[in-house]
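Welcome, and thank you for opening the viewer. Let us walk from one selection to the next and see what is there.

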Amino acid sequence: MCHRSKFRRLQAGLPGLLLWLCGAAFGLQAAYAASRPPAPPGLPGPPPASQPCAGLTSGQGVVPMVERAKPGLGRPYKSVYGATVERITDVKAWNGGQNGVIAPMYSTVPAWNSNETYLVLYQTKGFAKGSNVPARYLLFNGMNYQFIRDLPITTADVEDVYWSPVDPDIFYYITDYGVPNGNWGPVLAQYSVSRNSSKVLHRFDGPPVALNQKVDFGHILYLSWNNADKQLIVGIRAQAGYPHLFAASYNITTGQAGPWKKYASDKDWTGLQIAPSGKLGIIGDRVVDAVSQAVVRRMNTDSGEHGDFGVLANGDDAWVSSQFGSSIFSSVPEGNVIVENLRTGQVRTIVGKATGWRYPGGGSHISALAFKNPGWVANSIVGNPSGLGLLDSTILLANIDTGQVCRVAHHHSNGSDPTTHPPGGPQGYWAEPHVVISPSGTRLLFASDWGGSPDVDTYVVTLPGFRP
């Protein structure tokens with residue numbers, strides 16, 4: 001349930017140099033190309049829905065999951081909650097019958113670009129023994145889900161790919177291995193979809209960073225996107241032998257780097273994460289100034305649990321997370337969607353015991369990336385993979401201002417917990433749904449092993465309020 005559990009996927013993720021070399025060496029299978037012809041030019045982005053929960057199931061009644069065969073590629077069906085679900089990948093067919101994974105990068109990392117015309121997913125063999133499925137990033141059309149091409153990038157970590165919140169043609173990534181045509185890193189780079197090329201924005205090649213030192217975004221909570229001057233600020237972590245690290249902010253808009261600060265505690269290993277305002281951040285259990293890293297206050301919820309940064313109606317930054325109770329945070333309410341105002345420290349339960357829901361289900365991840373529809377967040381919960389209990393195997397939407405909650409779909413994934421009944425599937429970490437909300441808040445992505453199979457594919461949930 002804590003952030004550090006995500007590092008299990010490094011055993012099979014093959015990030016960095018191997019990803020680029022594998023993608024270049026193998027190319028796409030013929031079946032892959034045949035099922036996904038080149039995409040048309042980008043389309044206008046969908047508008048945000050004023051009522052994303054319209055037409056969906058509200059209330060707290062138990063709605064059991066309906067068992068169904070894994071849906072065919074591109075064959076949508078209606079969920080029991082009222083949303084439309086469609087499988088958009090076929091990892092096994094596209095890789096010559098080998099088992100593998102095509103999934104969103106993580107719940108806190110945008111899969112769609114800012115106008116939702118492009119979509120990035122990650123492919124890996126995961127934990128499939130004997131599989132030769134190569135690790136690579138895949139670019140799709142974000143509206144009709146047609147495959148476009150492999151992305152010629154290398155990354156320091158699987159999730160180190162951040163779409164720009166203002167320019168739909170650009171994403172940023174950080175790499176230990178540089179970009180094509182030299183510029184060996186570690187560097188922060190910018191990739192243009194229209195040019196299919198990268199350029200270096202900043203080299204991390206001076207003290208305290210050594211040439212062979214790993215530099216990344218830390219525990220991936222995206223970058224600032226909700227400030228009036230549109231400053232894009234991101235947190236940077238330079239690993240210095242666990243648990244030692246250096247952290248700094250970097251302003252992509254101005255090209256200015258903040259001062260490095262050294263940390264040497266296990267709880268700080270996630271590095272500096274910048275909130276949407278670009279004014280505050282989190283490192284370990286502390287709210288800090290985004291640039292100087294001066295401590296503002298202690299957190300009132302456990303920042304070691306899965307969560308994401310959101311924005312409240314008054315513009316304040318919020319930490320939206322799942323809280324399970326602990327000896328350190330025993331007074332924190334338990335729930336799948338708990339909100340802490342980063343400025344004031346006020347804590348509120350949206351989905352939890354205090355609002356009539358059950359004890360929080362495990363395998364819970366939050367996505368608050370609807371930056372064109374702030375306040376709306378998505379939550380995927382594994383709980384019991386049978387889907388028979390309240391919130392088991394469920395994806396829900398919640399508004400962190402009004403408290404409105406609705407359920408959208410069952411994800412049918414067994415997740416990674418071997419103690420559940422049925423137990424987690426053979427792909428472990430990769431079978432966690434990791435829901436990702438779109439910028440408009442009208443579509444959701446999730447990964448699923450569909451009942452514990454050795455293959456994980458990506459599915460899109462289209463809400464009734466979606467308008468192309």
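Buried means under 20% relative accessible area, exposed means over 50%, and partly exposed is what falls in between, using a 1.4 Å probe and protein chains only. Please keep in mind that this is a predicted model, where local features need pLDDT of at least 70, side-chain atom pairs count only at pLDDT 80 or more, and totals for chains, interfaces and linings use all residues. Residues are numbered from 1 along each chain as its sequence is written, and side-chain values use heavy atoms, with hydrogens and water left out.

**First stop: Gly345**

Select Gly345, in the loop between β22 (335-341) and β23 (347-352). Strands like these are DSSP runs (E, at least two residues), as helices are (H or I, at least four), numbered from the N terminus. Is Gly345 buried or exposed? Its relative accessibility is 7%, so Gly345 counts as buried. Now show its contacts (heavy atoms within 4.5 Å): leaving aside neighbours within four places in sequence, Gly345 touches Arg297, Asn300 and Glu340.

**Second stop: the salt bridges**

Side chains of opposite charge can pair when their charged atoms come close. A salt bridge here is a side-chain nitrogen of Lys or Arg within 4 Å of a carboxyl oxygen of Asp or Glu. How many salt bridges does a search of the whole structure find? The search finds 13.

Select Asp316 and Arg343, a salt bridge whose closest N and O atoms are 2.9 Å apart. This pair links distant parts of the chain, with Asp316 in the loop between β20 (307-311) and β21 (317-323) and Arg343 in the loop between β22 and β23, 27 residues apart. Asp316 is buried at 11% relative accessible area, whereas Arg343 is exposed at 54%.

Next, pick Arg87 and Asp457, whose side chains meet in a salt bridge at 3.4 Å, N to O. Arg87 sits in strand β2 (residues 84-87) and Asp457 in strand β30, so the pair ties together parts that are 370 residues apart in sequence. Both Arg87 and Asp457 are buried.

Move to Asp455, in the loop between β29 (443-448) and β30. Asp455 is buried yet has no salt bridge, and the nearest side chain of opposite charge, Lys92, is 4.3 Å away. For charge, Lys and Arg count as positive and Asp and Glu as negative, while His and the chain ends are not counted. The side chain of Asp455 does reach the backbone nitrogen of Gly100, at 3.1 Å.

Phe466 lies in the segment after β30 (457-462), and at 15% relative accessibility Phe466 counts as buried. Beyond its neighbours within four places in sequence, Phe466 is in contact with Pro46, Met143, Thr442 and Arg443.

**Last stop: the cores**

In soluble globular proteins, nonpolar side chains tend to be buried together. A nonpolar core is a set of buried Ala, Val, Leu, Ile, Met, Phe, Trp, Tyr and Cys residues joined through side-chain atoms within 4.5 Å. The largest one has 86 residues, and those with the most contacts inside it are Leu119, Leu397, Val408, Leu444, Leu445 and Val461. A second, separate core of 18 residues includes Leu312, Val320, Val339 and Leu391.

Notes
A polar contact is a pair of N or O atoms within 3.5 Å; within protein, one must be able to donate a hydrogen and the other to accept it, and residues adjacent in sequence count only if both atoms are side-chain atoms.
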